[in-house]
Amino acid sequence: MLTSNLGGTRLYLNEGSSGSADVTEQAGLHSKGWTTGVTLADVNGDGRLDIYVCHAGLEMAACGPTRLYINQGLNADGVPTFVEQAAAYGVADSGYSTQAVFFDYDRDGDLDLFVINNSPRPVESMPVKNTRNERDPLGGAKLYRNDGGHFTDVSAAAGIYGGEIGRGLGVGVSDVNEDGWPDIYVANDFFERDYLYINRVTGPSPSGSSSRCRISVCRPWPRYRDVKQRRLARYLRGGTCCRTTSIASRPPPRLRPGTASRPTCGTAFITSLPATCFHLNNGNGTFSDIGQMAGVARTDWSWSVLLADLDLDGFKDIYVTNGPRKDVTSQTTSRFSEPGDHGSGHERCRVDFRRLVDAMSSTKLPTTPSITAAT
């Protein structure tokens, strides 16, 4: 399953040695326009994987809210077919969603949903003030509780921030403090810090013996508390989870010209560092960033990261994907963007973005595989 910024979604069916077949139309997938994150999970518990697609970008009016495709099984040709039912399930999120994750946050036996949103508002137009606790209909994040096949937005009650400054780029779920309850890490873009939500259970654990208990007041009501600043001594902006990645160039000659427009000090919200962080759990409720010591702190403009045992030696390795094509953070690029500069994209206070992009340099960089060396 692939998403794209202009081409919508595409579903490819693995046909073994003969390759893969594009079965998007046969499967009934109709997400058009700017599609971002995609999540596969058995949402209704029927044993078949369903698909949740996030939408964001300039074509929001055309592509609409997030979509939930419920798996209907295989057709006569062996192709899985889907029916879009986001509204029926209560998860048609209209925000600038970038990613979602299904997990059982209250441990009642069904999958709940956490959606992160970016913001449609340009960064330069946002006021320099903390609106973290002010809920925005299009930005912030949302937690949906599964109430027997229909989802309920419990974001505010659970302590989830919903401000427009929380421009979410990545989300990860794990039991950080090993208390048996899933916690949430949200990586935010630009000036807002990342969030680490620790699951705080305030009710009794469900017995699982009664379906009524699953949706009544006797169910557990986990409440999340953001403890990011206390638990992580060093963090970044522009992170994308799960090993948080950001913009940090390799050594000279690319390092110095490539970091001018990404200052190490943030706005009034946080102080951050433009580097890829590798957080080591100290076992006492805190983490230490060992990115520099592990040799993985400078992966350039990184968008996503995968941890897996690529060479099957028993140790997890790291794979980082990079972009974009142009050196938009270099000092040279910053000079081209100055009004009145010869050859720049500015004409009569208007910006010719085509000319501006064409004037930028481009440095080809490979993705970064990091093979763990046993010591």
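I began with the rings: a search of the whole structure, which is a predicted model, turned up six aromatic pairs.

I picked out Tyr 161 and Tyr 197 to look at next. Their ring centres lie 6.1 Å apart with the planes at 55°, so I noted the pair as tilted; edge-to-face would need over 60 degrees. I then looked up where the two sit in the chain. Tyr 161 is in the loop between helix 4 (155-158) and strand 13 (168-174), and Tyr 197 is in strand 15 (residues 195-200).

Next I asked which residues form the aromatic cluster. I found Phe 114, Tyr 161, Tyr 195 and Tyr 197 together in one cluster.

Then I turned to charges over rings. Arg 132 lies over the face of Tyr 161, at 5.9 Å from the ring centre. I also found Arg 107 over the face of Trp 181, with 3.9 Å to the ring centre.

My last entry is on Thr 98, which I located in strand 9 (residues 97-103). Its relative accessibility is 15%, so Thr 98 goes down as buried. What does Thr 98 touch, leaving aside neighbours within four places in sequence? I listed contacts with Thr 36, Gly 37, Cys 54, Ile 116, Asn 117, Asn 118, Gly 168 and Leu 169.

Notes
Residues are numbered from 1 along each chain as its sequence is written. This is a predicted model: local features need pLDDT of at least 70, side-chain atom pairs count only at pLDDT 80 or more; totals for chains, interfaces and linings use all residues. Side-chain values use heavy atoms; hydrogens and water are left out. Rings of Phe, Tyr and Trp (its six-membered ring) pair if their centres lie within 6.5 Å; planes under 30 degrees apart count as stacked, over 60 as edge-to-face and the rest as tilted. Helices (H or I, at least four residues) and strands (E, at least two) are DSSP runs, numbered from the N terminus. A charge sits over a ring if NZ of Lys or CZ of Arg is within 6 Å of the ring centre and within 35 degrees of the ring normal. Buried means under 20% relative accessible area, exposed over 50%, partly exposed in between (1.4 Å probe, protein chains only). Contact means heavy atoms within 4.5 Å.
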